[in-house]
Amino acid sequence: MAVELDVFVGNTTIMDEEVYQLWLDGYTVNDAVTVRMEGGVLEEFEASADVLLSDTMDQYRTFQMCERLLHSPAKLANQLLFQIPPHRQAMLIERYYAFDDSFVREVLGKKLSKGTKKDLDDISAKTGVMLKSCRRQFDNFKRVFKVVEELKGPLVENIRQHFLLSDKLARDYAAIVFFANNRFETGKRKLLYLTFQDFAFCAGQLINNWTVGAVGNVYQLTDHQSMVEDMDVDLDKEFLQELKELKILISDKDLLDQHKSLVCTALRGKTKAFNEMEANFKNLSRGLVNIAAKLTNTKDVRDFFIDLVEKFIEPCRSDRWTAADMKLYLTHYTNSAHILDTFKHQVVWDRYMGVIKSCIFKMYHD
């Protein structure tokens, strides 16, 4: 009895990028074949449907065999089973760890646990991202979180080196890890206008300025801090305590009036929103200073972004401030504190307001 066999012998592992993306997106073999047929691949290569099915199945098997290596990307370079050129390895890793912004926006700030994983069916239906792809992305977030949790040193660099990701993707993962660790609230209705990239930018600001490992602070660590805390993941508790000192800006009536006078003098004649800025100065200043003073409480850390929106962004938006108005106001509001004779907390103030200004600029969509 004659048996027909298709045999292909080669050295370099053949991987079609389009098929790889279909596999990553969660398509079944049959659905992937349909997509490829609709894309005109049969006509392009003068192939039959059976050959296309066989090719797709073969590539899916290869990807599935590679997947365990992709969980620890450094292993991909050191294995001998698949002959994959370095540039191809980089593509496989980068795409495997890529994620949909719509998906990450739904899980950002949530605990990366089984409880959240149970919600993936609903998230898949809401975002249109296939369930299999949702699971891959969620498992990637969890895997990166667990690995960097055990490492000391700069968060972005640890992610980049351990998972061999591009700088941009490593920074995005750092934001995801940072939000999961601090459990920032991102799902409230008032925050839904903000994109993942808005939050990722703010995470970068917080990591670089308010954590134990922030620039200029790393050399002041006690032995206890460096042993107990993850430098780029945990907020600097000593700094958060020092923020309470800023309360004097609103509790001392003379200081509050002096601050208002300096800011309004600098703003007069420079913006159409001046009257609203002058009228609301004390409420806006109380809002920003009270956010600072409460950050020693875990719940208030979680509500950081909702507080920024409710206590500052929404009042400014209702007064029709432009983005330029916002920058002008916050610049003079920050700088004027340096001229206050009895205010002695300029270093803490600048460290706080530098981040606040950057986050509000990013979050204020006029």
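Me: Which residues are linked with Asp-16 in a network of salt bridges?
Reply: Arg-36 and Asp-55 are the ones linked with Asp-16 in that network. Keep in mind that this is a predicted model.

Me: Okay, take Arg-36 and Asp-16. How far apart are the closest N and O atoms?
Reply: They sit 3.9 Å apart, and the pair counts as a salt bridge, since the cut-off for one is 4 Å.

Me: Where do those two residues lie?
Reply: Arg-36 belongs to helix 2 (residues 29-38), while Asp-16 is in the segment before helix 1. The pair therefore ties together parts that are 20 residues apart in sequence.

Me: And is Arg-36 buried or exposed?
Reply: Arg-36 counts as buried, because its relative accessibility is 5% and the limit for buried is under 20%. Asp-16 is partly exposed, with a relative accessible area of 25%.

Me: What does the side chain of Gln-59 reach?
Reply: Asp-16 again, this time through its backbone: the side chain of Gln-59 comes to 2.7 Å from the backbone nitrogen of Asp-16.

Me: Nice. Where does Gln-59 lie?
Reply: In helix 4, which covers residues 49-70. Gln-59 is counted as buried because its relative accessibility is 4%.

Me: Which residues is Gln-59 in contact with, leaving aside neighbours within four places in sequence?
Reply: Ile-14, Met-15, Asp-16 and Val-19.

Me: Back to salt bridges. How many does a search of the whole structure find?
Reply: The search turns up 19. One of them joins Lys-299 and Asp-303, with 2.5 Å from N to O.

Me: Is Lys-299 buried or exposed?
Reply: Lys-299 is exposed, at a relative accessible area of 57%. Asp-303, on the other hand, counts as buried at 13% relative accessibility.

Me: What about Asp-307, which residue does its side chain meet in a salt bridge?
Reply: That would be Lys-311, at 3.6 Å from N to O. Asp-307 is buried with a relative accessible area of 7%, and Lys-311 is partly exposed with 28%.

Me: Switching topic: how is the chain divided into domains?
Reply: There are domain 1 (17-95), domain 2 (101-186) and domain 3 (237-363).

Me: How far apart are the C-alpha centres of domain 1 and domain 2?
Reply: Those centres lie 24 Å apart. In the contact, domain 1 takes part with 11 residues and domain 2 with 11 residues.

Me: How much area do domain 1 and domain 2 bury between them?
Reply: About 1,000 Å², with 54% of it on carbon and sulfur atoms. On the domain 1 side, Leu-24, His-71 and Glu-94 lose the most area to domain 2, and together they account for 41% of what that side buries.

Me: How many salt bridges does the rule find across that interface?
Reply: It finds 0 salt bridges between domain 1 and domain 2.

Technical notes:
Residues numbered from 1 in each chain as written. Predicted model: local features only at pLDDT ≥ 70, side-chain atom pairs only at ≥ 80, totals over all residues. Heavy atoms only, no water. Domains from an automatic or database assignment. Contact = heavy atoms within 4.5 Å. Buried area = accessible area lost by both parts, 1.4 Å probe. Helix = DSSP H or I, 4+ residues; strand = E, 2+ residues; numbered from the N terminus. Buried < 20%, exposed > 50% of the residue type's maximum accessible area, 1.4 Å probe, protein only. Polar contact = N/O pair within 3.5 Å; in protein donor to acceptor, adjacent residues only side chain to side chain.
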